[in-house]
Amino acid sequence: MIWFAWRQFRLQALVVAGVLVAVAVLFIVTGPSMLHLFDTSVANCRANSDCGAATTIFHDKYDKIVQFMTTISVIVPALLGIFWGAPLIARELESGTYRLAWTQGVMRSRWMVNKLAVVGGASMIAAGLLSWMLTWWATPLDIINQNRFGSMVYDTHYITPIGYAAFAFALGVTAGVLFRHTLPAMATTIVAFAAARLAFTSYIRPHLMSPVMKNISIKHATNFGFSRTPSGLQFIAGTSSYPNSLVVKSVVMGRHGATVTPQWLRLHCPKLIGPPPNASIGKVGSAPGGPQYFNACVNKIAQSFHIVMTYQPANRFWTFQWYETSIYVLAGVALCALSVWWVRRRVA
Amino acid sequence: MIEFRLNGNSGVSPYQQIVQQVKSALRLGQLRIGDQLPTVKEVVGKIAINPNTVLKAYRELEHDGLVAARPGIGTFVVNSFDETTYAAQRMLRRSLEVWIEKARRAGLDDESIEALFVDTFLFSPKELVR
Amino acid sequence: MTSALQATDLGKRYGRKWALNSCTLDIPTGRVVGLVGPNGAGKSTLLQLAVGLLTPSSGTITVLDERPASSAEQLGRIGYVAQDTPIYPGLSIGAHLHMGAALNSNWDAQLADRRIRDLALDPRQHAGRLSGGQRAQLALTLAIAKRPSLLLMDEPVAALDPLARREFLAILMEVVADQEVSVILSSHLVADLERVSDYLVVLAASQVQVNGDIEELLATHHRLVGSRREIDNFPDAVQVIESSHTERQSTVTVRSVDPILDPTWSVESLTLEDLVLAYMSQAEVQRRDLVRTNGGAR
């Protein structure tokens with residue numbers, strides 16, 4: 001039974017295996033030179049105080065390829081769901097071969113569980129292999145960017161892709177069982193998968209554990225400034241002193257929940273004309289007033305306000321990886337169970 | 001070995017057609033005593049008909065005394081439909097009936113008649129004396 | 001076990017249309033059953049219900065005394081050839097046989113290999129490249145190599161040329177001669193069924209019109225020809241199936257266990273085709289009457 005599930009799946013597996021080999025070749029070809037460049041220029045940049053220049057060279061050389069590989073890694077789980085999951089049962093229903101498969105000497109549910117195990121397992125393995133290769137190859141870059149909790153790393157490295165693949169596969173299978181045709185199942189899987197991932201990343205991931213709240217003085221902010229919005233001048237401040245962490249929210253607050261409103265700025269910083277529209281943070285712009293009014297205003301703000309940062313510390317990274325992966329895998333298993341039940345009772 | 005053909009439009013039922021084809025082959029000498037009829041499986045494999053049809057035909061032929069089924073081996077022709085043999089048999093049967101009546105008139109009971117016949121038959125020469 | 005298939009008031013509905021309606025059947029084992037009827041009469045539906053691919057909307061059905069698809073073992077005892085013989089086009093013939101061996105506990109690999117060899121088929125050939133007749137033979141091989149007690153076949157020869165059709169039926173009859181197997185074979189070609197079946201089920205207008213041993217059916221159905229008259233004064237034991245009248249003549253198809261003794265009728269026997277047509281046209285007449293009175297079909 002396992003043998004037959006594999007036999008039907010063989011061609012699709014070979015295609016993906018080929019892709020993985022091509023990716024591996026790409027990594028093997030570019031990896032060592034990337035590592036070499038890192039070792040020679042960036043690793044020692046602090047000693048030589050030219051980190052800015054070193055990282056710029058690094059980015060210039062490898063940004064395109066990194067973006068390419070990261071994009072691939074983000075969509076691979078979805079592709080596995082569409083091309084391995086959606087047709088799994090839908091193809092049999094569409095072409096009528098279910099009338100052959102379900103009249104042999106095995107129960108329908110056993111037949112289906114075998115297929116789910118073989119192909120679902122393969123999708124998790126494929127995603128895992130890709131993730132492992134990418135994690136190894138992108139190590140220098142990750143050290144430079146210090147942004148492990150960011151989507152470019154968190155969603156494509158380590159173990160989360162395995163969860164995404166399992167979930168996408170299960171979504172595909174379920175869509176196939178419900179729609180009974182491959183194409184609508186594929187379309188639905190893409191949409192549902194994207195929506196689920198976006199929703200989870202935006203609303204659930206930041207709260208997998210209760211975030212930590214910290215008050216930070218404005219004087220310790222690393223980037224701050226004013227920007228012109230339709231409602232008037234706004235003050236923004238943040239800090240990048242917490243690398244590899246996940247910032248959930250960062251606001252400037254005063255006593256009793258007060259914020260730096262445009263009215264407050266007009267009252268307390270009258271000489272601050274403000275930057276022209278669309279100016280970036282930190283620049284005052286070509287207006288009379290100049291830097292001393294900028295600094296004076298910021299100091300005034302710092303007396304009554306501070307940054308309240310809600311975040312997940314860097315040391316929670318692996319806990320989050322495990323939580324998120326497990327949730328996706330369990331959701332996948334639940335969807336698979338639903339499909340098996342549906343096939344047993346309803347597809348008739 | 002004989003091969004059967006089925007005429008779907010003849011109005012004669014399939015099993016009757018088989019019976020008739022066997023009898024016709026016997027008459028023409030295409031089938032002789034000792035020949036084996038094709039097995040049911042062989043027949044239906046050539047002309048796709050229900051095996052029971054063939055079985056029914058063979059049973060009727062057996063009932064007519066023309067063939068005999070030997071379990072595990074096959075169905076064999078045991079009696080020819082040769083006209084001369086058939087006529088000779090009719091004649092012999094009548095002679096025997098006359099002889100039996102004579103024996104009865106002489107006062108022999110059934111067992112004595114049978115014993116007399118068997119005894120004479122066993123001691124008769126095995127081959128024709130020319 | 002004496003019943004190959006038993007149905008009580010079996011019905012299957014799609015939306016508001018009943019594909020099969022109030023079917024009651026008790027088909028004994030050891031027969032080759034011809035299931036005949038016009039297209040859309042419900043033959044396919046009945047066979048799919050028998051093999052568990054559909055579930056009944058009403059009534060019950062048991063096959064080999066068990067609910068359809070109730071266990072792997074029960075599925076293993078039934079060989080099913082679906083309409084237009086589905087196979088996996090991307091898999092080789094050999095892979096199909098491997099599948100049969102892997103999925104059926106009673107698989108006879110020697111029989112399967114021998115059949116493929118006799119058909120002069122290359123096991124490595126992809127099943128998608130086979131002709132219609134070869135596909136049907138592959139499907140038949142898959143069904144018979146699992147040594148089933150019951151073979152269910154849904155119009156397996158409908159799309160085949162005459163030679164392929166003959167070869168398929170010949171192989172089937174060999175299997176029947178060789179193994180103890182019951183067969184239910186659906187077709188809309190009465191000529192084929194006449195050769196191979198000994199039991200008949202006529203399905204028309206989604207209902208069972210008549211069923212029974214063919215010999216008994218032919219012995220109890222007669223065509224009566226006589227001068228034109230009313231035909232509603234037959235005794236109760238005589239059932240009128242179909243009647244037609246010209247100016248001077250009446251022709252009636254009847255079912256009667258007792259012989260017809262009325263000398264004013266000339267009694268003829270029917271061919272199987274005549275019998276099937278009589279029931280099918282009666283069903284059609286009834287259906288049309290129903291449409292006319294109800295303004296819509298059930």
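Guide: In this predicted model, chain A is divided into two parts, domain 1, which covers 2-207 + 316-346, and domain 2, which covers 212-312. The C-alpha centres of domain 1 and domain 2 of chain A lie 40 Å apart, and where the two domains of chain A meet, 8 residues of domain 1 are in contact with 6 residues of domain 2. On the domain 1 side of that meeting in chain A, the residues divide into 4 nonpolar, 2 polar and 2 charged.

The crossing of H3(A) and H9(A) is right-handed. To the contact H3(A) brings A:Ala78, A:Gly81, A:Ile82, A:Gly85, A:Ala86, A:Pro87, A:Ala90, A:Arg91 and A:Glu94, while H9(A) brings A:Thr182, A:Ala185, A:Met186, A:Thr189, A:Ile190 and A:Phe193. Sorted by class, the residues where H3(A) touches H9(A) are 9 nonpolar, 4 polar and 2 charged. As background to such a list, an α-helix has 3.6 residues a turn, so residues three or four places apart point the same way.

The other pair in chain A joins helix H5 (residues 108-137) and helix H12 (residues 317-345), whose axes come within 9 Å and cross at roughly 150°. H5(A) and H12(A) are therefore roughly antiparallel to each other, and H5(A) passes H12(A) in a right-handed crossing. Here A:Arg108, A:Ser109, A:Met112, A:Val113, A:Leu116 and A:Gly120 of H5(A) meet A:Cys336, A:Val340, A:Val343 and A:Arg344 of H12(A), and the residues of this contact between H5(A) and H12(A) comprise 6 nonpolar, 2 polar and 2 charged.

From chain A the view can now be carried across to chain C. The contact between these chains takes 20 residues from chain C and 16 residues from chain A. On the side of chain C that touches chain A, the elements giving two or more residues are helix H2 (72-76) and H3 of chain C, and H3(C) gives the most, with 4 residues. By class, that side of chain C has 15 nonpolar, 4 polar and 1 charged residues. Within helix H3 (residues 93-103) of chain C, the residues C:Ile93, C:Ala95, C:His96, C:Leu97, C:Met99, C:Gly100 and C:Leu103 are buried. The cover over the buried residues of H3(C) includes helix H1 (2-42) of chain A, together with helix H4 (109-118) and helix H5 (132-144) of chain C.

Chain C also has a contact with chain B, in which 11 residues of chain B are in contact with 14 residues of chain C. On the chain B side of this contact with chain C, helix H2 (40-46) and helix H3 (51-63) of chain B are the elements that give two or more residues, and H2(B) gives the most, with 5 residues. The side of chain B that touches chain C is made up, by class, of 5 nonpolar, 4 polar and 2 charged residues.

Definitions and conventions
Residues are numbered from 1 along each chain as its sequence is written. Chains are lettered from A and ligands numbered from 1 in the order in which they are written. This is a predicted model: local features need pLDDT of at least 70, side-chain atom pairs count only at pLDDT 80 or more; totals for chains, interfaces and linings use all residues. A crossing is left-handed if the near helix is turned anticlockwise from the far one by less than a right angle, and right-handed if clockwise. Two residues are in contact if their C-beta atoms, placed from the backbone, lie within 7 Å. Ala, Val, Leu, Ile, Met, Phe, Trp, Tyr, Cys and Pro count as nonpolar, Asp, Glu, Lys and Arg as charged, and the others, Gly among them, as polar. Domain bounds come from an automatic or database domain assignment. A residue is buried if 20 or more other C-beta atoms lie within 10 Å of its own, exposed if 12 or fewer, and partly exposed in between; C-beta atoms are placed from the backbone. Axes are lines fitted to C-alpha atoms, for helices over the stretch in contact, and angles run from 0 to 180 degrees between N-to-C directions. Angles under 35 degrees count as roughly parallel, over 145 as roughly antiparallel, 65 to 115 as roughly perpendicular and the rest as oblique.
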